[in-house]
Amino acid sequence: MIAGLNLLYMLPGIVGGTETYAAGLMHGLSLVETEDRFVVYVNLESAEWPLPPGPRFQRVVCPVRAASRAARYWHEQVHLPARAARDGVEVLHSLGYVAPLRVRCPSVLTVHDVHQHAYGGPAGWPRRLVLDGFVRRSLRRAAAVIADSHFSRGEIARAYRVPVESIDVVQLAPKPRTSEPAVPHPAVPHAGAAAARSGTPYLMAFAGVQPNKNLPRLLEAYRQARRGQDAVPDLVLIGRLPPGWRPDGVPGLTVTGYLPDAQVAEVFGGARALLFPSIYEGFGLPVLEAMAAGVPVACSRVTALPEVAGDAALYFDPLDVGDMANKIVRIASDEGLRAELRAKGRAQADRFGWDRAARETLAIYRRVVGSAVS
């Protein structure tokens, strides 16, 4: 079988979890012993983005930039179907919400969440409406739809009025450390990695430009937790902040900006705990990656996070600053609790794997190809 993988959405170092998904799935596919081949369609920004080695993975660089969303949609809808046909693709899997609407082979679509319905984000309404329209039409044309979690499957079914049983769930896994992007990134601060190497205790959390990341409540809860509590160490906040947002006056806070994977792994290596206060997640990869790294987790008890973390996290209400502050104090000060969460977290992370995700995805490819032939 020849499967096409549509990565025209890819902006390395920017698209976050969907980049991890693409890298992880291909890593898993490379581990599965099969004669299937994969044609990977990338844009100009991803021309050097690493693929698994070997002849089973063929890169096709399409003459379009994902930074121009309109140009990318045009190329995806008009040019990609013809190119896939010329390449002999028998099933085309679009990994980032939008698929070509007219393609000669069966289409498989991964929709990670319905974030634009739940929280929107920094993009304006016109852009979100265009995305929503493409997602809706792509869902209805797809031979198979994949969601990251059972929570997301239900959200997708309700938001787009498709039968829940028509959506397959393929759960994600911790980031394969072999997937470090090879493309250059802007210079970034290395304060987080420096903290990891210094041996000074610290907590860690991830920033983000979307409002669902719940940063204002996290920082207020952290401020309250630090008040009179010597046991609560500094906080290292990794990632991009919302435009114009300045978290001034928070004692013990270090904001690193973007860090490449190797430095994120360093920060994980020295962290006392991960704080993950998100209000909406279709999966919650950072929680699983922390557990795989042996980092205790305190996170929100909402959306997909309990499905991912199981009984291996200390939960709080993300809308209750007081509850969050109490849990920050508890996980920072109770070594017995952290030891218990480390052990449970490693066991929980072991339940997820990219080889398993790849086998489940291949089974979906074979199902839709078989249905098309019959």
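**Chat about helix packing and cores**

Modeller: In this predicted model, L288, M291 and A292 of α9 meet G345, R346, Q348 and A349 of α12.

Colleague: What kinds of residues make up that contact of α9 with α12, nonpolar, polar or charged?

Modeller: Four are nonpolar, two are polar and one is charged.

Colleague: And at what angle do the two helices pack?

Modeller: About 115°, with the axes of α9 (residues 285–292) and α12 (residues 335–349) 7 Å apart. The pair therefore counts as roughly perpendicular. The crossing of α9 and α12 is left-handed.

Colleague: OK, switching to the cores. Which residues touch the most other members in the largest nonpolar core?

Modeller: L5, L7 and Y365, in a core of 63 residues. Helix α13 (residues 354–373) gives the most to this core, eight residues.

Colleague: What does L7 touch, leaving out residues up to four places away in sequence?

Modeller: A22, M26, V40, Y41, V42, N43, W49 and L95. There's also a second, separate core of 28 residues, with Y222, F316, A325 and L337 among them.

Colleague: New topic, D87. Where is that one found?

Modeller: D87 is in the loop between α2 (69–86) and β4 (91–94).

Colleague: Buried or exposed, and why?

Modeller: D87 counts as buried because its relative accessibility is 18%, and the cut-off for buried is under 20%.

Colleague: Which residues does D87 touch, again skipping those up to four places away in sequence?

Modeller: D87 touches I2, V39, Y41 and V60.

Notes. Residues are numbered from 1 along each chain as its sequence is written. This is a predicted model: local features need pLDDT of at least 70, side-chain atom pairs count only at pLDDT 80 or more; totals for chains, interfaces and linings use all residues. Side-chain values use heavy atoms; hydrogens and water are left out. A nonpolar core is a set of buried Ala, Val, Leu, Ile, Met, Phe, Trp, Tyr and Cys residues joined through side-chain atoms within 4.5 Å. Buried means under 20% relative accessible area, exposed over 50%, partly exposed in between (1.4 Å probe, protein chains only). Helices (H or I, at least four residues) and strands (E, at least two) are DSSP runs, numbered from the N terminus. Contact means heavy atoms within 4.5 Å. Axes are lines fitted to C-alpha atoms, for helices over the stretch in contact, and angles run from 0 to 180 degrees between N-to-C directions. Angles under 35 degrees count as roughly parallel, over 145 as roughly antiparallel, 65 to 115 as roughly perpendicular and the rest as oblique. A crossing is left-handed if the near helix is turned anticlockwise from the far one by less than a right angle, and right-handed if clockwise. Ala, Val, Leu, Ile, Met, Phe, Trp, Tyr, Cys and Pro count as nonpolar, Asp, Glu, Lys and Arg as charged, and the others, Gly among them, as polar.
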